[in-house]
Amino acid sequence: MKPNLLDVDNVSKTFAGRGLFSRRMKRAVRNVSFSLDADRPEVFTIIGESGSGKSTLASMILNTARPTGGSIRFEGRDLAHIRSRRDRVAFMSRVQAIFQNPFDAFNPLKPVDRYLYTAAEVFSGCRTKEARETRVDDALHKVGLSLAEVSGRFPHEMSGGQLQRIAIARALVSSPSLIVADEPVSMIDASLRMTVINLFRMLRDDLGVSIIYITHDLATAYYISDRLIIMQTGEVVEAGDARQVLAAPRHPYSIRLREAVLSVDGAWRGTGLDAEAIQPSLR
Amino acid sequence: MTLLHPAAASAAAEDDAAIPLLSVDRLKAYYRLKLFGIDREVRAVDDVTFAIGRNEIYGLAGESSSGKSTLIKTIAGAIRPPLAVETGSVCFNFSDGTRDIYRLTPRELGEIRWKRLSYIMQGSMSVLNPVRRIRHSFTDFALPHVPEKGAAFAERIGRHLERLHLERSVLDAYPHELSGGMRQRVAIALATVCGPEFIIADEPTTALDVIVQKGVLAMLRGIQRELGSSVLFVTHDMAVHANLTDRLGIMYAGRLVEEGRTRDLFRQPLHPYTRHLISSLPQIGDDTPKKGLEGSPPNLAAPLSGCRFHPRCPLAIDICRREAPPMVAVAPGRRVACHVVTASPDAVAPAMEEVRP
Ligand SMILES: Nc1ncnc2c1ncn2[C@@H]1O[C@H](COP(=O)(O)OP(=O)(O)OP(=O)(O)O)[C@@H](O)[C@H]1O
Ligand SMILES: Nc1ncnc2c1ncn2[C@@H]1O[C@H](COP(=O)(O)OP(=O)(O)O)[C@@H](O)[C@H]1O
Ligand code: SF4
Ligand SMILES: [Mg+2]
Ligand SMILES: [Mg+2]
């Protein structure tokens, strides 16, 4: 039998507390399990509290952090066994990341196009300069940019949205079978957001790429996701078909989350920001 | 101690009321770059005129890289090369006098920062020094601007943090020890603790979950109402604009293309870009396909002639390729920069009627 694309098997991550402020152990992720089927590419969405462990889980799936409990398998192979440089490069060309804050994801001292060229060389084996340029330009066009606009520019010379699009283009330079996108659209405008979300749909439907989509934007989650999990304090509190869960959440936290979504229509009914009614989470 | 501004509190402000707190006049701010030996200018803010009144929350939305953050930097006086202001002015009518931002010495600018004018930056953690405890950020920024010193100062900070539902112990934490929501509230606490008259916030809640976001926005609004200050708020989240802002400006390619009361703008967007933006919003329960804008975003280093939206505009006519549409008032409080919309005010007027309650 063909192995799953991804198995997240009872995964936990505990950070040792440091400093005066956080002496306790921090259980960032607790016993999370799910699998992605290799034959059914999908958009698998993770939503949840700020600090609920979404990014920590993402970094374990990307093999940049080790679980302290449980295991993760990609195409049947335990990530803990990926050690040699060759294996790592092979893994990274199959599993790509788009990070949360583009301002952190780029080295401020390196022109942004370098990242793209490196990706073209390392992950898709483009030998010649021309091949690399074509590959990179193609990827940039998919996100509404071009090499001409990006060449030689440094991260601080770009807007938040431009940087995030470059990060997405970088993930598209290799031909991944899984993309882990950690809040990829929060910094871009509503129209471009739909361009990117529709691009994810195209990747899934036409190229068979699975996408783990981490977001706070429940509306795009509803629009694009197949399945969804909701996390709170490191745990999955609700999981299921995305549309069903969002239309009729069951867990108290999911219900609160759903109710906190601001909407344009709601604003005119005065259901928006009622200062008194709000008890922010104290975490 | 009261946090209320004399100007907001007293009737003496009456003759002041007509003068907006912020007036931006024909502002142009370009990035001057040298790339492979060739000079290039990125016209990130290209002829923007608008004003913000007292006690008002003004929202700014628009395409990524349309110049929102640059506009905000120029308004806050945070101008560093290669950014340069070409022409135009930014004037604040603070309760203790008017200030033309570009005529201030660095020292004078330093005196109004935090006290009269505060700025929450995009990617906001930048204001919090990663290797210093939160306490130091407060002493660095706020101590010089408030009357309280020593224990009284600590008390003021402590009470302010509590208002934002933060424990006083966050003062002993390093930024990385706090969750995103906490850091964001710390940034807001810093920006509001001196009771500024004008608060500028560039995507301050983008990284937060919807529950925390709603709390942070409600607190920001609560503090704004209490201080009677004005807020310039940038976000891509249109639902946040609908729920938070009084008026809304839409930017495209370095220009303001439409402005109006938030509700009018959503109910009856006039500029083709605004119309597209609003129609592209997905909603839970809405299964219709949504589309992003076709075509390439404008290149600000080589701006097009005529209307910068013309290659992507479904309504474009001949004149759009030749002449840039000026920003014109089409109804009270409503401005738009579009040849087609302004040529048929008849078509616009009844539509506007519908909108008014
Ligand atoms: N330091 C800089 N040097 C050169 N160009 C810059 C610099 N900062 C911004 N730009 C350019 O100026 C233009 C406007 O950028 P700005 O950051 O103001 O956009 P924005 O509207 O805030 O976008 P976003 O919504 O994506 O944050 C962009 O083309 C950007 O690449
Ligand atoms: N390197 C680290 N050291 C200590 N604690 C961490 C580290 N990274 C994350 N955490 C903590 O783990 C929890 C989960 O964080 P994160 O995965 O970033 O959440 P999310 O992405 O859902 O907002 C948070 O409480 C965070 O403070
Ligand atoms: S001026 Fe012309 S091109 Fe520009 S938005 Fe109006 S109709 Fe479209
Ligand atoms: Mg995260
Ligand atoms: Mg910006």
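**Chain B as a whole**

I looked up the secondary structure of chain B in this predicted model and found 14 helices and 12 strands. Both are DSSP runs numbered from the N terminus, helices being H or I with at least four residues and strands E with at least two. I noted that residues are numbered from 1 along each chain as its sequence is written, and that chains are lettered from A in the order in which they are written. Local features need pLDDT of at least 70, side-chain atom pairs count only at pLDDT 80 or more, totals for chains use all residues, and side-chain values use heavy atoms, with hydrogens and water left out.

I then checked burial: of the 357 residues in chain B, 55% are buried (under 20% relative accessible area, 1.4 Å probe, protein chains only). The accessible surface of chain B is about 14,400 Å², and carbon and sulfur atoms hold 54% of that surface (Shrake-Rupley method, 1.4 Å probe). Among contacts in chain B with a separation of 6 or more, 65% join residues 24 or more positions apart; contact means heavy atoms within 4.5 Å.

**Helices H5 and H7 of chain B**

I examined H5(B), residues 134-141, and H7(B), residues 180-192; their axes come within 10 Å and cross at roughly 20 degrees. Axes are lines fitted to C-alpha atoms over the stretch in contact, and angles run from 0 to 180 degrees between N-to-C directions. H5(B) is therefore roughly parallel to H7(B) (angles under 35 degrees). I recorded the contact residues as B:Ile134, B:Ser137, B:Phe138 and B:Phe141 of H5(B), with B:Val186, B:Ala189 and B:Leu190 of H7(B). They divide into 6 nonpolar, 1 polar and no charged. Ala, Val, Leu, Ile, Met, Phe, Trp, Tyr, Cys and Pro count as nonpolar, Asp, Glu, Lys and Arg as charged, and the others, Gly among them, as polar.

**Helix H8 of chain B and chain A**

I turned to H11(A), residues 252-260, and H8(B), residues 210-227, which pack at about 45 degrees with axes 8 Å apart. H11(A) supplies A:Tyr253, A:Arg256, A:Leu257, A:Glu259 and A:Ala260 to the contact, and H8(B) supplies B:Val210, B:Ile211 and B:Lys214. I counted these as 5 nonpolar, no polar and 3 charged.

Technical notes. Buried means under 20% relative accessible area, exposed over 50%, partly exposed in between (1.4 Å probe, protein chains only). Angles under 35 degrees count as roughly parallel, over 145 as roughly antiparallel, 65 to 115 as roughly perpendicular and the rest as oblique.
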